[in-house]
Amino acid sequence: MVMRLSDEEKAMRDGAQGPAVAKAMDLLIRYGEALGAEDFVYTDNIAGVPGSSPKWVKDYFAADGGDYRAVFSRFDLDSDKVVDVPRINGFGCHLQGGMDPQLWREQGMSDEAFANFEADEREVAAHGIQVLKTCTPYLAGNVPVMGEHCAWMESSAVVFCNSVIGGRTNCEGRESTSAAMLAKRVPNWGFHTEDFRKGQHLIEVQAPVDSIFEWGLLGYFTGAAVEDAIPVLDGAISSAALIKHKHFGAAAASSGGVEMYHMAGITPEAPTVERAFGGAVRGERFTYGARERRETYEQLNSVGESRDVDYVMLGCPHYSADQLTEAARLLEGRTVHPNSNLWIFTSRAVKATAEASGSADIIRKAGARLMTDTCSAISQAVPPGTKVAAFDSAKQTHYLPAIMGIEGWFGTTQECIDAACTGRWDGRLA
Amino acid sequence: MATLATRPADVLIRGRKVVGGVVEGEALVTRQTISGWGGVNPMKGEIIEMRHELRGQSFAGKILVFPGAKGSSGWSAMFHTTRLTGQAPIGMLYNITTTKAALGAVVMRVPTMTDFDSDPLEQIETGDWVRIDADAAVVSVWKGGQPSPEGIG
């Protein structure tokens with residue numbers, strides 16, 4: 001299918017706004033046609049990882065200069081030739097990155113890797129892109145409004161944007177977000193259109209879901225049940241809060257590919273089950289009861305064998321200010337066990353709040369590390385010799401053991417902090 | 001490109017072009033969706049997701065036949081990286097269109113199709129010989145591997 005372009009879009013494709021915008025449009029047109037999109041939608045809210053790359057990727061493009069410009073052109077814009085990349089003129093932000101800007105040595109990063117990180121960040125800033133460096137832009141200065149067309153990467157942020165805010169974004173990739181920062185367009189497909197956002201399967205929640213731990217379990221179950229479809233959840237869900245949606249969505253996006261969910265009476269496009277479906281209930285019906293809850297818990301904990309925990313990782317998705325306060329409350333007066341490590345990840349913006357509020361200090365005094373920008377899965381950084389890790393995030397439990405070849409436990413924040421302070425995993429399903 | 005096969009295909013499937021071009025090779029088939037970031041090792045072109053039926057297998061140089069993409073938005077960048085490392089699949093057939101799979105196919109620049117008139121997962125098994133002519137929107141399948149010249153007649 002050939003996409004329908006406006007006169008302005010044709011001119012952009014043909015170079016009227018310079019070669020970088022032309023390459024961005026070329027990529028977005030190829031992408032739109034691959035999707036079967038008819039036209040583009042305008043966006044001025046773009047979240048990606050523009051141009052950032054490890055050293056080996058720059059080396060790969062050595063013949064093209066091996067710098068930010070080369071990577072942005074050849075990789076991000078998938079251009080055969082290198083173009084000058086102008087300052088972007090939209091609202092774009094940089095999501096999570098590869099290391100903590102201060103604690104990179106503790107994360108095992110080399111001087112060379114840090115120099116590369118700093119150079120990339122200078123380029124990002126010089127191109128007019130907001131340096132948020134987080135998987136939770138909505139906690140760090142980028143909160144869309146209902147109905148706003150966005151182009152976001154980061155599956156946990158995408159599902160939050162669509163489901164909790166009612167913003168409209170597909171799960172974009174690195175190349176499409178970088179191109180959209182220049183062209184301020186994305187294919188008008190998927191979640192940008194009204195009909196696509198309607199529910200496809202029903203999940204009847206019978207086991208009570210109230211705490212953040214329970215919301216995470218339900219999210220992991222939901223993704224496994226509906227895969228990449230849009231679930232409508234109805235039943236015993238209570239005590240909604242931002243951090244619970246954050247955990248639920250991240251879990252559902254990793255066990256399946258959930259990019260939007262509805263919770264009847266809770267999320268903005270689901271005042272009722274019928275409204276969420278846009279009519280009668282359709283698709284499959286799943287039940288989440290005591291048995292499904294236990295099975296989900298056991299599946300998440302199937303990669304744990306040894307109870308000697310040498311690493312506890314919190315902050316997936318990046319912790320909010322209230323989660324840091326809670327971690328500090330659980331840690332106050334205790335210390336991390338000599339055989340274990342506790343790393344807690346957040347954004348720079350939230351860390352600044354935690355510094356001002358005192359929780360950062362309590363966390364550090366307990367012997368834990370408060371880190372920003374990244375996480376263990378993104379940076380592939382764990383304390384040296386880590387064999388067994390523990391998480392309060394279903395998403396991180398899903399990814400990190402597979403990526404690092406380690407064992408992993410999933411439990412509550414309390415159980416994780418207890419494990420960090422005793423060196424032993426004692427989690428169980430209440 | 002002319003087909004390497006020496007007899008008519010056993011199965012023809014029609015669909016829609018995602019990325020144009022023609023390619024022929026051995027199929028690697030899974031009925032499970034594939035995670036990109038965190039699900040594959042781009043240095044080896046290998047599936048690493050826990051509990052995935054293709055865990056430990058490489059798609060490098062194969063025609064990847066799968067239901068669709070799932071997981072992180074890093075899907076396209078991860079498969080894009082396999083193009084840099086020389087470990088990319090040479091073609092893809094998928095049933096479910098997602099932004100992840102579509103963008104991944106575009107930046108890998110391998111012939112890719114979707115929206116089929118019959119399900120490739122029912123028609124193609126790992127090891128079958130497959131020709132994707134995305135420009136003509138046709139997939140040809142030879143069961144049991146590449147037909148050898150001795151097999152003529």
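In this predicted model, helix H16 of chain A, covering residues 394–404, is mostly tucked away, with 10 of its 11 residues buried. The buried ones in H16(A) are Ala394(A), Lys395(A), Gln396(A), Thr397(A), His398(A), Tyr399(A), Leu400(A), Pro401(A), Ala402(A) and Ile403(A). So what counts as buried here? A residue gets that label if 20 or more other C-beta atoms lie within 10 Å of its own. Just after H16(A) comes Gly405(A), whose phi is positive, at about 65°.

Next come the strands. Strand E14 of chain A, residues 388–391, is joined to E15(A) by 4 bridges, and the two run parallel. One detail of that pairing can be picked out: Ala389(A) has Gly408(A), in E15(A), as its bridge partner. In general, strands of a sheet pair through backbone hydrogen bonds, in either a parallel or an antiparallel way.

E14 and E15 belong to an open sheet of 5 strands in chain A, ordered E13-E12-E11-E14-E15, with parallel pairing. Which strands stand at the edges of this sheet? They are E13 (369–372) and E15 (407–410) of chain A; each has a single partner strand, so one side of each is left without a neighbour in the sheet. From one strand to the next, the twist averages 25°.

Ala389(A) turns up again in the largest nonpolar core, which has 183 residues. Ala389(A) is among those with the most contacts inside this core, along with Ala24(A), Val312(A), Ile344(A), Ile363(A) and Ala105(B). Helix H2 of chain A, residues 19–35, supplies the largest share of the core, at 11 residues. As a general point, nonpolar side chains tend to be buried together in soluble globular proteins.

Leaving aside residues up to four places away in sequence, Ile344(A) touches Leu314(A), Gly315(A), Tyr319(A), Ala327(A), Ile363(A), Ala368(A), Arg369(A), Leu370(A) and Met371(A).

Now for chain A as a whole. Chain A has 17 helices and 15 strands, and 59% of its 430 residues count as buried. Take the contacts in chain A with a separation of 6 or more: residues 24 or more positions apart account for 75% of them. The C-alpha trace of chain A spans about 65 × 60 × 35 Å along its principal axes. How does the radius of gyration of chain A fit with a compact globule? With 430 residues, such a globule would have a value near 22 Å, and chain A has 22 Å, so the two agree.

Notes:
Residues numbered from 1 in each chain as written. Chains lettered and ligands numbered in written order. Predicted model: local features only at pLDDT ≥ 70, side-chain atom pairs only at ≥ 80, totals over all residues. Rg over C-alpha atoms; globule rule 2.2 N^0.38 Å. Buried ≥ 20, exposed ≤ 12 C-beta atoms within 10 Å, placed from the backbone. Contact = placed C-beta atoms within 7 Å. Core = buried A, V, L, I, M, F, W, Y, C linked by C-beta atoms within 7 Å. Pairing = 2+ DSSP bridges. Axes fitted to C-alpha atoms, helices over the stretch in contact; angles between N-to-C directions.
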